[in-house]
Amino acid sequence: MLIYLNGSFVAEEDAKVSVFDHGFLYGDGIFEGIRAYHGRVFKLEEHLKRLYESAKSINLTIGIAKEDMAEVVLETLRKNDLKDAYIRLVVSRGKGDLGLDPNNCSKATIICIAAQIKLFEQTMYEQGLNVKTVAIRRNNPDSLNPRIKSLNYLNNVLAKIECTQAGVIEAIMLTQDGYVAEGTADNIFIYRNNVLLTPPLSAGILEGITRNTVIQLAQTLDIEVKEMLFTRHDMYTADECFLTGTAAELIPVRNVDGREIGLGKPGAIFKQLLKEFRTLTQVNGPEIFSM
Ligand code: PMP
């Protein structure tokens, strides 16, 4: 495996960063998870837009232009001869000293890793997941806005620990006010009273690329869709519930906190959206081997 590290491609064993890197010391940095399908990088522009917006928000100078970053992603795939892959872009504040002041970090560290995608088990798409709302609340946007895809994922890690200890695979996190926010690495949708609902960005969630794609697909399919706060009650009594994310795509939820959702199996709206989503993944995005 060849990894992009600060302008060069190096073998995995040589892909090393300093222990003084503030990404490591303080979680001071940002990242993206991107997917390539069938020789194309899905929604690459949208992922790079989010990366550069996260950087802006934390006052981080990436140091290379967005167009060059796109080339980094494509070249990493080419070097590893990958047409279907999961891509991880990481930009940290870079090497500094033990103090947390980012002014002492002169240059960002940039990493791009492309790996074979580990697909979720097919049974999960056929049967749906059991999930649990956890006690830990999603970061308060006034403290660390979840719209920043930061390297500080402890909030999500704590939620993951809580749900796995309870024996389920994914956690649903609530906002500080007790509304439904999102999963540990995915956004949430419910279908209720013939309307597809997903929490608004103002709730304090990541603006998922898959979420945005699903909203657009719903609109083209004439499914009414609203970005609106909803409660656990709304979720328990919904006809359908599913999660969205780059890794999982769209994945149905069959049970939340011991309550069966709808008929306890993937619903018609979910199936329709997943089908359209998978069609789109085959045609969207720049081609990896076009040059
Ligand atoms: N929420 C969180 C907290 C995430 O980490 C992710 C994964 N990036 C998502 C939602 C889904 O976003 P996307 O569809 O862009 O992968």
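Predicted model: local features only at pLDDT ≥ 70, side-chain atom pairs only at ≥ 80, totals over all residues.

Visitor: What makes β1 and β6 count as paired?

Guide: Strands pair if there are at least two bridges between them. β1 and β6 have two bridges, so they count as paired.

Visitor: Which strand pairs with β1 over four bridges?

Guide: That is strand β2 (residues 8–11), which pairs with β1 (residues 2–5) in the antiparallel sense. L2 has A11 in β2 as its bridge partner. β1 and β2 form a hairpin with two residues between them, and N6 in the turn has a positive phi of about 45 degrees.

Visitor: Why are helices α6 and α8 called roughly perpendicular?

Guide: Helix α6 (residues 209–220) and helix α8 (residues 268–281) pack at about 110 degrees, with their axes 10 Å apart. Angles of 65 to 115 degrees count as roughly perpendicular, and α6 and α8 are therefore described in this way. Their crossing is right-handed. The contact is made by T213, V214, L217 and A218 of α6 and by L273, E276, F277 and L280 of α8. By class, this contact has six nonpolar, one polar and one charged residues.

Visitor: Which element gives the largest share of the shell around the ligand?

Guide: That element is α6, with three residues. In total, 14 residues surround the ligand, and the closest are L206, G208, I209, T210 and T246. By class, the shell has three nonpolar, eight polar and three charged residues.

Conventions
Residues numbered from 1 in each chain as written. Axes fitted to C-alpha atoms, helices over the stretch in contact; angles between N-to-C directions. Parallel < 35°, antiparallel > 145°, perpendicular 65-115°, else oblique. Left-handed = near helix turned anticlockwise from the far one by under 90°. Contact = placed C-beta atoms within 7 Å. Nonpolar A, V, L, I, M, F, W, Y, C, P; charged D, E, K, R; others polar. Near = placed C-beta within 6 Å.
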